[in-house]
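Please open the model in the viewer and keep a selection panel at hand.

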Amino acid sequence: MHYTGMAAVSVRLDDRLRADGLPASQFVVPLAVAIMAVIAIGGFVLTLSPQEPADTPAREPLRVKLFDRRT
């Protein structure tokens with residue numbers, strides 16, 4: 001179906017019509033600013049997240065015996 005559709009298409013180039021696009025900076029700069037803003041906000045949220053006080057003793061790690069060979 002692709003080749004049938006492409007066979008039906010014809011293109012005629014005309015010098016009178018010029019498609020002027022936007023420079024890449026008008027796409028890349030806002031994209032970069034948005035990405036940096038998301039990273040900065042995420043870092044800010046992580047910085048302000050609650051943490052355990054330093055004076056509390058460390059918790060004992062949870063140990064699970066999956067394959068205990070003792071009977």
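How many helices and how many strands are there in the protein chain? Colour by secondary structure: the protein chain holds two helices and zero strands, where helices (H or I, at least four residues) and strands (E, at least two) are DSSP runs numbered from the N terminus. This is a predicted model, in which local features need pLDDT of at least 70 and side-chain atom pairs count only at pLDDT 80 or more, while totals for chains, interfaces and linings use all residues. Residues are numbered from 1 along each chain as its sequence is written, and side-chain values use heavy atoms, with hydrogens and water left out.

**Whole chain**

Select the C-alpha atoms and orient the view along the principal axes; these atoms fill a box of roughly 85 × 40 × 10 Å. The radius of gyration of the protein chain is 31 Å, whereas a compact globule of 71 residues would have one near 11 Å. This radius is taken over C-alpha atoms, and the globule rule is 2.2 Å times the number of residues to the power 0.38.

Next, display the surface. The accessible area of the protein chain is about 8000 Å², with 65% belonging to carbon and sulfur atoms; areas come from the Shrake-Rupley method with a 1.4 Å probe, and for residues only the protein chains shown count as cover. Buried residues account for 0% of the 71, where buried means under 20% relative accessible area, exposed over 50%, and partly exposed in between.

Select Arg 16, in the loop between helix H1 (2–7) and H2. Arg 16 is exposed at 70% relative accessible area.

**A nonpolar patch**

Now select Phe 27, Val 28, Leu 31, Ile 35 and Ile 39, which together form a nonpolar surface patch with about 500 Å² of accessible area. Such a patch joins nonpolar side chains (Val, Leu, Ile, Met, Phe, Trp, Tyr) within 5 Å, from residues with over 30% relative accessible area and no salt bridge. Ile 35 lies in helix H2 (residues 25–47) and is partly exposed, at 46% relative accessibility.

**The salt bridge**

Finally, select Glu 60 and Arg 63, whose side chains meet in a salt bridge (3.8 Å, N to O). The term requires a side-chain nitrogen of Lys or Arg within 4 Å of a carboxyl oxygen of Asp or Glu. A search of the whole structure finds one salt bridge. Glu 60 is exposed at 63% relative accessible area, and Arg 63 is exposed at 67%.

Terms used:
Patches are made of residues with over 30% relative accessible area and no salt bridge: like charges are joined within 9 Å, nonpolar side chains (Val, Leu, Ile, Met, Phe, Trp, Tyr) within 5 Å. Buried means under 20% relative accessible area, exposed over 50%, partly exposed in between (1.4 Å probe, protein chains only).
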